[in-house]
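Here is a friendly tour of one protein model. Please look over the sequence and the structure first, then read on.

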Amino acid sequence: MLDHFSILTKGGFVLWQKSYAPLSGAPVDALIKNVLIEERAGTVSYSKDNYALRWTFANEVDLVFVVAYQKILQLAYIDELLETVKRLFLDMYSSVIGDNQGISADYNEFEPVFSKVLKQLEEKYANRPRAPRKFEETKKFENTLKGSKVATSNTQLLATASRTVDEDEITKNIKALKLQSGGRGGIKNRKGGRVSAKTSPAPSPDMNDDNTGKKKKSQKQARVWEGQISRGEMETLDYSKEKTEDDDSLDADTVAAQFMDQSKLGSKNKDGIYEVQDVLESEDEEEEEEEGKASSSSGGIFSFLKNITGQRELSAETLDPVLATMKEHLINKNVASEIAEHLCQSVRSSLMGKKLGGFERVSTAVKNSMETALKRILTPKTSLDILRDIEQTRAEGRPYVISFIGVNGVGKSTNLSKVCFWLLQNNCKVLIAACDTFRSGAVEQLRVHARNLRALQTSGGGVVELFERGYGKDSAGIAKDAISYATANRFDVVLIDTAGRMQDNEPLMRALAKLVSVNNPDKIIFVGEALVGNEAVDQLTKFNQALKDFSGLQNPRHIDGMILTKFDTIDDKVGAALSMTYITGQPIYFVGTGQTYTDLKNLRVSHVVHSLLQN
Ligand SMILES: Nc1nc2c(ncn2[C@@H]2O[C@H](COP(=O)(O)OP(=O)(O)OP(=O)(O)O)[C@@H](O)[C@H]2O)c(=O)[nH]1
């Protein structure tokens, strides 16, 4: 028995609903928020707490039909119920569902119709062989069907009645299994999701230079992992006792000349807040956008779809070729293929059955729908105003804590330092906690940054200090000590630098989850390269999973946002911005655009959407 059926407008207004049991935890609201609004409608089902939810669209009138039932139940009639109810409801009411989507109409007469349909379907399916859910069951089921008993007595039943549900269910199960075994492996093996850099990295000075005028031979030394370091080495590397303050005599102008680009400096807004620059739109971008608006089917933006001509009603036949082109286009822009597929499915679900007006083309409808979907995904759902949050924690008498996490070499330390520069420009007192206790050179790298930033700030308002305890020690403990020190000494912000780690390295992921659960930072920022392709899905999913699985907390934390680095190397292949936002549902706080402290920028949604959709 099902628990609930709703008929809603796509805007979330309920036209008609029927509940057979009180619903706990608002599963339909969760479906709207997490699936329909987040452009995940291309998926076939959604589960929330104990409920399974399925739905179908009537795009011609912008309605959604949703059914909720206990997920332990195997209700084979759900698909047929949804389709039948949709057909009958539209037969009865399509004339009243006009411009205001039938919000004021009375649907009481639908109640007996619905009940009758449900009863008939329940009876019809009661006598069928059960469609299995798991693959082992599917196999058994297939064998049973092939076996003499069922084969002789149920051949006809299979050929007719079962077709709509059981066979489809079996095919779906088998397909799902293939996807599980092949799909995930595919992502992992296809590390080559990377795109080649079209523009070379900015020829700016390397921030890892020790400022002596000589470049280090190599930027990094070999990583020394926990357990491999000898006691002697550890003592040599433990700088916690001897603090080197003598380097504060650096001249601000010299450092500025090397590590800042005046032309890239942000500016103060009317409230006196220092804001970093926006990623610059390409010179002809705005022009093209106008062009695209005026004539989206002829040249310029979206012309990659232009050869596909339109027809009156959108069907699988008319939509699929356009969506296939769109998917390929998104993948070429470096969107993870899995996500390009989900998105196109979502757009497909929202367009099927829709009637095209006048001379509207299929490609224009797909383009418009995709543009809306991209904007919806990329628009931040939480505030990006870190400075306001800092004000709040300052009032609470504690520092605001941000931890920077991510895989190796993506630019965590460098971009942490750029964020520190931005905070210093906003008069904050910042403590950098050197919690990469694994890679030799990591602490010294931060020391150079802290020294440079201090030098740059001699005329500014902020203050920066480094909290370091050397190598080989528990990073969670060091972060804790740093936060206590910052609280006692009235720092506004603690920036925790963590060791880079691969998402499959369980011991290191456990250590990260511990750092997070012990210190409960205000923000967990994932630092990821804009170059990453399919690998983005695996990295973010596994980092989030580890924070959940290894935290030991009842309410585990997750990634709160991202910094996308090396944005200067990707030209218009901005797909990683979309992939990362789609997977986490969290915003991109900044993008890194080079190797100086002024190479930190804001990323505008319009810029990403435009770059993704232009030729
Ligand atoms: N072009 C470009 N290079 C960057 C950017 N951000 C960082 N880098 C460079 O990327 C390299 C790695 O940066 P790090 O900050 O050491 O990376 P990390 O993630 O801290 O490294 P691990 O601690 O080893 O995990 C350095 O050479 C940086 O200068 C960026 O936005 N653009």
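E529 sits in strand 12, which spans residues 523-529; helices (H or I, at least four residues) and strands (E, at least two) are DSSP runs, numbered from the N terminus. The model is predicted, so local features need pLDDT of at least 70 and side-chain atom pairs count only at pLDDT 80 or more, while totals for chains, interfaces and linings use all residues. Residues are numbered from 1 along each chain as its sequence is written, and side-chain values use heavy atoms, with hydrogens and water left out.

**E529 and its partner**
- E529 is buried, with a relative accessible area of 9%; buried means under 20% relative accessible area, exposed over 50%, and partly exposed in between (1.4 Å probe, protein chains only).
- Which side chain does the side chain of E529 make a polar contact with? The partner is the side chain of K566, at 3.0 Å.
- A polar contact is a pair of N or O atoms within 3.5 Å; within protein, one must be able to donate a hydrogen and the other to accept it, and residues adjacent in sequence count only if both atoms are side-chain atoms.

**The whole chain**
- The protein chain holds 20 helices and 15 strands.
- Of its 615 residues, 50% are buried.
- Among contacts (heavy atoms within 4.5 Å) with a separation of 6 or more, 76% link residues 24 or more positions apart.

**Around the ligand**
- There are 25 residues around the ligand, and G409, K412, T414, D568 and Q595 come nearest; a residue is near a molecule or strand if one of its heavy atoms lies within 4 Å of it.
- A polar side-chain atom of T414 is 2.5 Å from an oxygen atom of the ligand, and one of Q595 is 2.8 Å from an oxygen atom of the ligand.
- For D568, a polar side-chain atom is 2.9 Å from a nitrogen atom of the ligand.
- On its own the ligand has 660 Å² of accessible area, and the protein covers 95% of it.
- Helix 14 (residues 412-425) gives the largest share of the shell, 5 residues.
- The shell has 3 nonpolar, 14 polar and 8 charged residues; Ala, Val, Leu, Ile, Met, Phe, Trp, Tyr, Cys and Pro count as nonpolar, Asp, Glu, Lys and Arg as charged, and the others, Gly among them, as polar.

- How many of the residues of strand 4 (residues 51-58) are buried? The count is 8 of its 8 residues.
- In a regular strand the side chains alternate between the two faces of the sheet.
- Y51, L53, W55 and F57 point one way from strand 4, while A52, R54, T56 and A58 point the other way.
- Strand 3 (residues 46-48) runs antiparallel to strand 4, joined by 3 bridges, with Y46 opposite L53; two strands pair if DSSP finds at least two bridges between them.
- Strand 5 (residues 63-70) also runs antiparallel to strand 4, joined by 8 bridges, and A58 stands opposite L63.
- Strand 4 and strand 5 form a hairpin with 4 residues between them, and D62 in the turn has a positive phi of about 55°.

**L90 in helix 2**
- L90 lies in helix 2 (residues 78-93) and is buried, with a relative accessible area of 12%.
- Not counting residues up to four places away in sequence, L90 touches A58, E60 and V61.

Notes. Accessible areas come from the Shrake-Rupley method with a 1.4 Å probe; for residues, only the protein chains shown count as cover.
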